[in-house]
Amino acid sequence: MEVLRPRTLAEALALRAAHPEARPIQGGTDVLVELTFGHSRPDALLDLSELAELRGFTEEEDGVLRLGAGLTYAEAMQAPLATRLPALAEASRTVGSPQIRNRGTLGGNLGTGSPAGDALPPLLAERAEVELASVRGTQTLPLEDFLLGVKRTALATDELVTAIRLRPSGGAQTFAKVGPRNAMVIAICSLAVVVDTSEGEVRAAFGSAAVTAKRVTVSLADAAELPDRIAEAAAPIDDVRATAAYRRHALRVLATRTLERCLRS
Amino acid sequence: MRVSLTVNGERLEGDAWGGESLLTFLRDTLELPGSKNACEQGECGSCSVLFDGTLVCSCLVLAAQAEGHEIVTVEGLAREDALHPVQQAFVDAGAVQCGFCTPGLVVAVVDLLARVPHPSDDEIRESLSGNLCRCTGYAKIFDAVRIAAERA
């Protein structure tokens, strides 16, 4: 198994185009498990961990934040990002353990595309877009169009996730997750809620209760309908972690609780 | 592939296969077995090391990704004549039962106290949430953290 180790984004995109079979790897918290347990044995790995272009975040014109694909959960938990995107910070704090949060990245969460990805609900609730780059150029896709199914995304074989772009709503927001303990938990279900008064709406997004994380929007006037609307939009399954019925019920509870928390603040 | 890196202040190199983890490279190739191999999926923390000063599970880092980087393992903590204060605190508190989780916990506590010199119990709990002790000796482990913090 070859490891391609580009030092610049341009080099990485050229390698990605030349080696479409190479598995991109950033922090490694998902990919190493696959490799070690033999779940996948790609011919090559494309290591993105040395690319300075993917690190950190920048603030652009008209208040748009560009979060590098290599931004770690630990970084998303810290000010000033945590103050701009509190629900993302809360969600990041529920990911794995400190060791995992120091290594795992937002780009990796998107690339893996699990319906349980903890960063996905808060990003969907803030209407994030995904920046995809290739030697052909750069395109931006709404996150909901990027997530196609269980670990299936719209990423082309010559593309890399380079950033997430969003304009923080500044609205009251929070994240909640159900699991058997406070650490090292794959969400049984999760929910992010943003009360966006400037748009006059409440946006929520749930995880682990459909083939992808999904967003539900209601007007502020109809905020009380949110728990029912989420329960209707969910299409959970029975699996080793919980039953579908439990997930639907838990989402209703989380919706009521998180909404109350946001509307009170 | 050839991987050269700094481990515990020493420049070392060795051959790794492409998909090899930093953990097995440290243990089997560089002959540093202090970092323990238990779950191999980031659940237990027994392989914790510092990667450029950041706490990580070495089982979730590709050996190739450590090329040119600085790693500190549990072997790099003690001085020649004395244990690291965190190691000494574990001894004094009796925070070791079977001992398998101890190296990872010691590295995680060294990282915690470097960032938060006097952690609250909640901070200790959250910081050590990625390190499992299957003997369930957490009370003594917490004592060790408090002893190390007091002595610093």
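Okay, let's start with helix α5 of chain A, residues 86–93: seven of its eight residues are buried, so the rest of the structure largely encloses it. Buried here means 20 or more other C-beta atoms within 10 Å of the residue's own, with C-beta atoms placed from the backbone. Helices are DSSP runs of H or I with at least four residues, strands are E runs of at least two, and both are numbered from the N terminus.

Quick caveat: this is a predicted model, so local features need pLDDT of at least 70 and side-chain atom pairs 80 or more, while totals for chains, interfaces and linings use all residues. Residues count from 1 along each chain as its sequence is written, and chains are lettered from A and ligands numbered from 1 in the order written.

So what covers the buried residues of α5(A)? The cover includes α3 (73–76), α6 (98–103) and β12 (189–196) of chain A.

Next, the sheet. Chain A has an open one of three strands, ordered β1-β3-β2, with parallel pairing; pairing takes at least two DSSP bridges between two strands. At the edges sit β1 (2–4) and β2 (23–25) of chain A, each pairing on one side only. β1(A) and β3 (residues 44–47) of chain A share three bridges, and A:V3 stands opposite A:L45.

Last, the helix pair. α10 (residues 226–233) and α11 (residues 244–264) of chain A pack at about 150 degrees, axes 8 Å apart. That makes α10(A) roughly antiparallel to α11(A), a label for angles over 145 degrees.

Technical notes
Buried ≥ 20, exposed ≤ 12 C-beta atoms within 10 Å, placed from the backbone. Contact = placed C-beta atoms within 7 Å. Axes fitted to C-alpha atoms, helices over the stretch in contact; angles between N-to-C directions. Parallel < 35°, antiparallel > 145°, perpendicular 65-115°, else oblique.
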